[in-house]
Amino acid sequence: MQNDVYDYTQAAGTGAVQKNTVLRKTYGLLGLSFIPCAAGAFLSSQTGINLYTMFGNRWIAFGVTLAFFYGMIMLIEKNRHSNTGAALLMVFTFGMGVLISPMLQYSLSISNGPQLVGVAAAMTAAVFFTMAAMARRTKADMNSLGRFLMVGVVVLMVGVVANMFLQIPALGLTISAGFVIFSSLLIMFQIRNIIDGGETSHVSAALTIFVSLYNIFSSLLHILTSLFGEE
């Protein structure tokens with residue numbers, strides 16, 4: 001039924017009640033998605049799984065990461081109105097936990113690393129609640145914002161690939177800052193899209209917000225450890 005918070009399979013209608021249901025289910029599924037993510041990070045830390053050391057070549061590891069990331073997103077979107085999509089989202093977040101584990105292990109290994117991880121997590125939560133509140137009140141043109149975000153993601157990905165060659169620390173920090181801004185705006189855009197009735201799948205919405213929060217946290221942690229990390 002539509003009022004069942006644990007039912008992730010029903011597409012919503014266009015009324016206010018249905019829109020609120022999509023938003024409520026999005027938040028519920030989003031909260032659940034961090035459980036397998038944490039499990040993946042923990043398992044990786046215990047087993048030492050690291051794609052970059054496993055393949056011995058950063059380009060191969062990068063390619064495998066992209067294949068997993070975009071492949072899973074395509075599968076989830078294909079099943080965005082079914083329990084299969086919700087299950088695939090859990091698999092995806094588990095894998096993303098595995099991928100972020102090396103960064104977490106490095107951050108926690110430095111003297112003030114636990115504090116920096118905590119700060120990055122708190123800042124990520126603050127960004128989420130701020131953007132969610134702004135989404136309810138904004139009068140911005142969402143179509144223009146959507147076009148800006150489409151251009152932004154292309155620019156960021158070009159920057160990521162370019163820095164794989166250049167290995168410039170300042171460029172890496174700039175890209176991380178760009179991801180924070182881009183992902184923050186994407187959260188507002190996605191939540192506003194639900195409120196306006198443009199998004200009827202809480203699976204798809206939870207996926208977008210999870211990826212945004214993941215990018216914000218990892219980018220903030222990169223910035224903080226680079227600027228304030230104490231070996």
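Q: Which residues is Ile187 in contact with, leaving aside its neighbours within four places in sequence?
A: In this predicted model, Ile187 is in contact with Phe128, Met131, Ile209, Ser212, Leu213 and Ile216. Contact here means heavy atoms within 4.5 Å.

Q: What should I know about numbering and confidence limits?
A: Residues are numbered from 1 along each chain as its sequence is written, and side-chain values use heavy atoms, with hydrogens and water left out. Because the model is predicted, local features need pLDDT of at least 70 and side-chain atom pairs count only at pLDDT 80 or more, while totals for chains, interfaces and linings use all residues.

Q: Where does Ile187 sit, and is it buried or exposed?
A: Ile187 is placed in helix α7, which covers residues 169-195. Helices are DSSP runs of H or I with at least four residues, strands are runs of E with at least two, and both are numbered from the N terminus. Ile187 counts as buried because its relative accessibility is 0%. The classes are buried under 20% relative accessible area, exposed over 50% and partly exposed in between, with a 1.4 Å probe and protein chains only.

Q: How far is Ile187 from Ala132 in space?
A: Their C-alpha atoms are 7.1 Å apart, although 55 residues separate the two in sequence.

Q: What about Val180, in which helix is it?
A: Val180 is also in helix α7. Val180 counts as buried, since its relative accessibility is 14%. Beyond four places in sequence, Val180 is in contact with Ile216, Ser219 and Leu220. Ile216 is also among the contacts of Ile187.

Q: Which polar contact does Ser101 make with Ala41?
A: A polar atom of the Ser101 side chain lies 3.1 Å from the backbone oxygen of Ala41. A polar contact is a pair of N or O atoms within 3.5 Å; within protein, one must be able to donate a hydrogen and the other to accept it, and residues adjacent in sequence count only if both atoms are side-chain atoms.

Q: What surrounds Ser101 otherwise?
A: Ser101 lies in helix α4, residues 83-109, and counts as buried because its relative accessibility is 1%. Setting aside neighbours within four places in sequence, Ser101 is in contact with Ala41, Ser44 and Ser45.

Q: Now Asn163: which backbone atom does its side chain reach?
A: The Asn163 side chain reaches the backbone nitrogen of Ile168 at 3.0 Å. Asn163 is in helix α6 and is buried, as its relative accessible area is 13%. Residues touched by Asn163, not counting those up to four places away in sequence, are Ile168, Leu171, Gly172 and Ile175.

Q: Where is Gln167, and what is its phi?
A: Gln167 lies in the loop between α6 (142-166) and α7. Its phi is near 55°, a positive value in a residue other than glycine. Gln167 counts as exposed because its relative accessibility is 51%.

Q: Last one, which residues does Glu230 contact?
A: Apart from neighbours within four places in sequence, Glu230 is in contact with Ile110, Ser111 and Asn112. Glu230 lies in the segment after α8 (202-228) and is partly exposed, with a relative accessible area of 47%. The C-alpha atoms of Glu230 and Ser109 are separated by 9.8 Å, and the two residues are 121 apart along the chain.
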